[in-house]
Amino acid sequence: MDTAERKGEPASPGGTRVRHGVPDGGEDRVAALYWEAFGRKLGAALNPPDKARSFLADHLNHDRGIVAVIDGEVVGVVGYQLGGRGLIGGGAGDVLSAYGPLRGLPRLALLALMERRPEPGELVMDGIAVDPRHRGRGVGGLLLRAVAGVAAEHARHRVRLDVIDVNPRARALYERHGFRAVRTERTPYLRRIMGFGAVTTMHRPVTPAEDTDDRTTP
């Protein structure tokens, strides 16, 4: 058994297993999945794509991600913020080092626009990405339930995420798994720069019963 699986939890239909923490050696794969899902949103800040994927892989916080694995391959990932750290790390110094001062400073300004701070009792989800070849197989739902388990374990009463207006597939997934829109911020100033013009905040309530004591770590 993978040491990061939940004890006694069989693989789901389709052979999908969930493990908590990005496995060593899985950084490039996770970065590629994340970029495929969010490159449109992050491109203005981290392009070109090859450099962006390298930056993401080099600055992952392994313990702030949950991955879905099929036949030994990571096919999905979800990140969350806890204790001031999210799945994607890297501070201002890392951005300036990677892109240089002249190109790095405007990138920092764009990244700052996307920062989200949790409110008391809230777990902020950084984003979810599933390999297109494995969509429609329940991978996203497994990851969302795992995030709810983390929130319950840490006595959070809700999970919060933001979804952009050009990603209706993601919003539909969230709604199927209990998330409800609470507000929408219009961002027309970002449409030309980052490709989206509105951001909707969604909440999903969490109950203590969703905690599972048999979770192990990598």
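Colleague: Among contacts in the protein chain between residues at least 6 apart in sequence, what percentage joins residues at least 24 apart?

Modeller: The model is predicted: local features need pLDDT of at least 70, side-chain atom pairs count only at pLDDT 80 or more, and totals for chains, interfaces and linings use all residues. Residues are numbered from 1 along each chain as its sequence is written, and side-chain values use heavy atoms, with hydrogens and water left out. A contact means heavy atoms within 4.5 Å. Among contacts between residues at least 6 apart in sequence, the share that joins residues at least 24 apart is 70%.

Colleague: What pattern does the protein chain follow when read along the sequence?

Modeller: Helices (H or I, at least four residues) and strands (E, at least two) are DSSP runs, numbered from the N terminus. The protein chain holds seven helices and seven strands. Along the sequence they give the pattern β-α-α-β-β-α-α-β-α-β-α-β-α-β.

Colleague: Is Val 30 buried or exposed?

Modeller: Buried means under 20% relative accessible area and exposed over 50%, with partly exposed in between (1.4 Å probe, protein chains only). Val 30 belongs to helix α1, and beyond its neighbours within four places in sequence it is in contact with Val 22, Leu 60, Val 67, Val 74 and Val 77. Because its relative accessible area is 0%, Val 30 is buried.

Colleague: At roughly what angle do the axes of helix α1 and helix α4 cross?

Modeller: Two packed helices are described by the angle between their axes and the distance between the axes. Axes are lines fitted to C-alpha atoms, for helices over the stretch in contact, and angles run from 0 to 180 degrees between N-to-C directions. The axes of α1 (residues 27–46) and α4 (residues 101–113) come within 8 Å and cross at roughly 150°.

Colleague: Which residues of α1 and α4 make the contact?

Modeller: Ala, Val, Leu, Ile, Met, Phe, Trp, Tyr, Cys and Pro count as nonpolar, Asp, Glu, Lys and Arg as charged, and the others, Gly among them, as polar. By that division, the contact of α1 with α4 has five nonpolar residues, no polar and one charged. From α4 come Arg 107, Leu 110 and Leu 111, and from α1 come Ala 44, Ala 45 and Leu 46.

Colleague: Which residues lining the largest pocket are the closest to its centre?

Modeller: On a 1 Å grid over the protein atoms alone, a pocket is an open set of points with protein on both sides within 12 Å along at least five of seven lines, whereas in a cavity a 1.4 Å probe fits but cannot get out; lining residues have an atom within 4 Å of a point. Grid points are joined across faces, edges and corners, and a volume is the space filled by probe spheres set on the points. The largest pocket has a volume of about 870 Å³. Of its 33 lining residues, the closest to the centre are Gln 81, Ile 88, Met 114, Glu 115 and Asp 126.

Colleague: Which element supplies the largest share of the lining of the largest pocket?

Modeller: The lining divides into 15 nonpolar, nine polar and nine charged residues. At least two residues each come from α1, α2 (49–58), α3 (92–99), α4 and β4. The largest share, five residues, is supplied by α1.

Colleague: With which residue does the side chain of His 134 make a polar contact?

Modeller: His 134 sits in the loop between β4 (122–130) and α5 (139–153), and it counts as buried because its relative accessibility is 11%. A polar contact is a pair of N or O atoms within 3.5 Å; within protein, one must be able to donate a hydrogen and the other to accept it, and residues adjacent in sequence count only if both atoms are side-chain atoms. At 2.7 Å, the side chain of His 134 makes such a contact with the side chain of Arg 137.

Colleague: With which side chain does the side chain of Thr 201 make a polar contact?

Modeller: Thr 201 lies in strand β7 (residues 198–205) and counts as buried because its relative accessibility is 7%. Residues that it touches, not counting those up to four places away in sequence, include Arg 160, Arg 180 and Val 182. The polar contact, at 2.8 Å, is with the side chain of Asp 162.

Colleague: What is the value of omega for the peptide bond that joins Asn 47 and Pro 48?

Modeller: Most residues other than glycine have a negative phi, and most peptide bonds are trans. Pro 48 lies in the loop between α1 and α2. The bond joining Asn 47 and Pro 48 is cis, with omega about 5°.
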